[in-house]
Amino acid sequence: MKAEAAINQEETIALEEQFQLATYKKMPIVAERGEGVWVFASNGDRYLDLYGGHAVAGTGHCHPHVVKAIREQTAKLLFYSNLVYSEARARAAEKIVSVAPALLTKAFFCNSGTEANENAMRMARMATGRENIVTFTGGFHGRTADAISATFLGRYREIGKPNVPGHREADFGDIDSVRAVADESVAAIMLEPIQSMAGVRGAAPSFYRALRELCDERGIVLIYDEVQTGVGRTGDWFFAGSDASDEVVPDMVTLAKALGSGVPVGACLVTERIASHIKENDLGTTFGGGMIAMAAVTATLEAIENDRMIENVRTVEAYLRERLKEVEQVVNVRGRGFLLGLEFADKAKPVHEAMLERKVITGTSNDPKVLRLLPPLCLKREEVDLFIEALVEVVSGG
Ligand SMILES: Cc1ncc(COP(=O)(O)O)c(C=O)c1O
């Protein structure tokens with residue numbers, strides 16, 4: 001069979017514009033190949049990817065250990081559902097639990113972040129017999145019905161109308177506002193421990209401790225949505241249990257994004273206590289726990305370990321923060337590890353666009369003054385130097 005001739009950049013863009021629903025604001029890049037922190041476009045341009053393919057390329061693009069594991073799995077079995085056992089699934093479940101805080105002992109696999117959050121909220125309702133859920137102004141939890149109803153950010157709840165009933169809003173970082181809405185009808189308090197889309201907003205460690213105490217006092221399930229903060233991004237395997245969390249471990253952690261290095265996968269990690277309330281057929285999804293995703297999960301976690309990426313995040317974050325001091329237009333650096341928000345005195349969007357012209361991919365956020373960085377965990381000092389060089393040029397109008 002004759003191979004189809006490649007189409008050029010303009011043709012590719014035209015086809016997508018013609019045949020895809022126009023739901024995304026896209027950068028003018030036709031991504032063809034990736035390697036570590038680099039993305040290569042079909043026109044030969046090379047981009048430094050400090051957005052990590054939307055926080056997904058935690059291990060970097062096409063990490064060889066992950067690619068090899070996926071290749072080997074595809075040659076053996078593409079898929080069989082949870083109605084059979086599988087070595088790939090057994091290994092992935094064991095591995096993820098082994099790197100999680102000790103209290104989180106069981107995994108449920110699904111396919112995305114929103115699905116992980118839907119299942120987490122459902123489990124909390126099952127475990128408590130209550131219906132209401134408290135989430136926070138500025139938090140983002142996904143776009144399916146329950147998750148979007150839990151998303152008090154921008155106009156998401158508006159998009160998701162009619163909303164699922166029983167969602168209550170509190171102010172992130174303000175425990176009194178949580179106390180006011182988290183009464184004994186509340187099944188769960190769910191939060192992004194660092195609110196990424198809101199512009200990388202964190203809270204004091206004492207806030208997480210106070211949430212834990214409130215949940216214990218009122219029999220509420222505490223859920224960390226670690227879809228962005230999990231899997232090494234903040235310089236710990238998870239925000240749960242870290243110093244930044246005052247070592248607080250929630251009853252559930254939800255994951256997706258970087259968990260499969262690009263293969264769609266989500267997960268809920270839960271305590272024994274929560275697990276004891278969940279019976280056969282309470283949760284389920286055809287593709288969750290599929291062999292390719294599971295091979296990707298195990299290989300992702302191994303690659304992070306083998307390449308000492310968590311240590312790398314910590315040292316390179318420190319270096320990046322130091323170098324950012326040279327850029328006076330950056331008035332504040334928010335976040336932790338490789339989930340950073342660079343706050344400018346003025347709008348960040350023109351910086352994002354000018355960086356793109358210099359072949360550096362960054363992210364914007366719902367805070368117009370914040371530029372987000374979510375680079376692969378393997379980012380090196382030399383690449384930070386390239387970023388700073390480009391940023392200095394951009395902000396000085398060069
Ligand atoms: C914190 C957080 N939770 C949930 C989601 C939803 O994940 P997904 O797009 O995989 O459904 C996202 C996606 O950006 C997220 O950032």
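Modeller: Two notes to start with. This is a predicted model in which local features need pLDDT of at least 70 and side-chain atom pairs count only at pLDDT 80 or more, while totals for chains, interfaces and linings use all residues. Residues are numbered from 1 along each chain as its sequence is written, and side-chain values use heavy atoms, with hydrogens and water left out.

Colleague: Thanks! Why is Thr362 called buried?

Modeller: Buried means under 20% relative accessible area, exposed over 50%, and partly exposed in between, using a 1.4 Å probe and protein chains only. Thr362 has a relative accessible area of 1%, so Thr362 counts as buried. You will find Thr362 in the loop between β13 (360-361) and β14 (370-373). Thr362 touches Tyr51, His352, Leu371, Arg372, Leu373 and Phe387, leaving aside residues up to four places away in sequence. Touching, or contact, means heavy atoms within 4.5 Å.

Colleague: And Ser261, is that residue buried or exposed?

Modeller: Ser261 has a relative accessible area of 18%, so Ser261 is buried. Ser261 is in the loop between β9 (252-255) and β10 (266-271). Its phi is near 55°, a positive value in a residue other than glycine.

Colleague: What makes Lys359 partly exposed?

Modeller: The relative accessibility of Lys359 is 28%, so Lys359 counts as partly exposed. Lys359 also has a positive phi, near 65°, in a residue other than glycine. Lys359 lies in the loop between α13 (349-357) and β13.

Colleague: What makes a set of residues a nonpolar core, and how many residues has the largest?

Modeller: A nonpolar core is a set of buried Ala, Val, Leu, Ile, Met, Phe, Trp, Tyr and Cys residues joined through side-chain atoms within 4.5 Å. The largest one here has 101 residues, and those with the most contacts inside it are Val178, Ile189, Leu191, Phe207, Leu342, Phe387 and Leu391. Helix α11 (residues 291-306) gives the most to this core, with 9 residues. A second, separate core has 21 residues, including Ala116, Ala188, Met252 and Leu283. In soluble globular proteins, nonpolar side chains tend to be buried together.

Colleague: Which residues does Val178 touch?

Modeller: Not counting residues up to four places away in sequence, Val178 touches Phe136, Ala170, Ile189, Phe207, Leu211 and Leu214.

Colleague: Why are α3 and α11 called roughly antiparallel?

Modeller: Axes are lines fitted to C-alpha atoms, for helices over the stretch in contact, and angles run from 0 to 180 degrees between N-to-C directions. Angles under 35 degrees count as roughly parallel, over 145 as roughly antiparallel, 65 to 115 as roughly perpendicular and the rest as oblique. Helix α3 (residues 64-76) and α11 pack at about 155°, with their axes 8 Å apart, and α3 and α11 are therefore roughly antiparallel.

Colleague: What is the handedness of the α3 and α11 crossing?

Modeller: α3 passes α11 in a right-handed crossing. A crossing is left-handed if the near helix is turned anticlockwise from the far one by less than a right angle, and right-handed if clockwise. The contact of α3 with α11 has 9 nonpolar, 5 polar and 1 charged residues by class. Here Ala, Val, Leu, Ile, Met, Phe, Trp, Tyr, Cys and Pro count as nonpolar, Asp, Glu, Lys and Arg as charged, and the others, Gly among them, as polar.

Colleague: How do you know how α12 and α14 are oriented to each other?

Modeller: Helix α12 (residues 309-324) and helix α14 (residues 381-395) pack at an angle of about 25°, with their axes 10 Å apart. α12 and α14 are therefore roughly parallel. Their crossing is right-handed, and the residues of the contact divide into 8 nonpolar, no polar and 3 charged.

Colleague: And which way does α4 cross α11?

Modeller: That crossing is left-handed. The axes of helix α4 (residues 87-99) and α11 come within 8 Å and cross at roughly 35°.

Conventions
Helix = DSSP H or I, 4+ residues; strand = E, 2+ residues; numbered from the N terminus.
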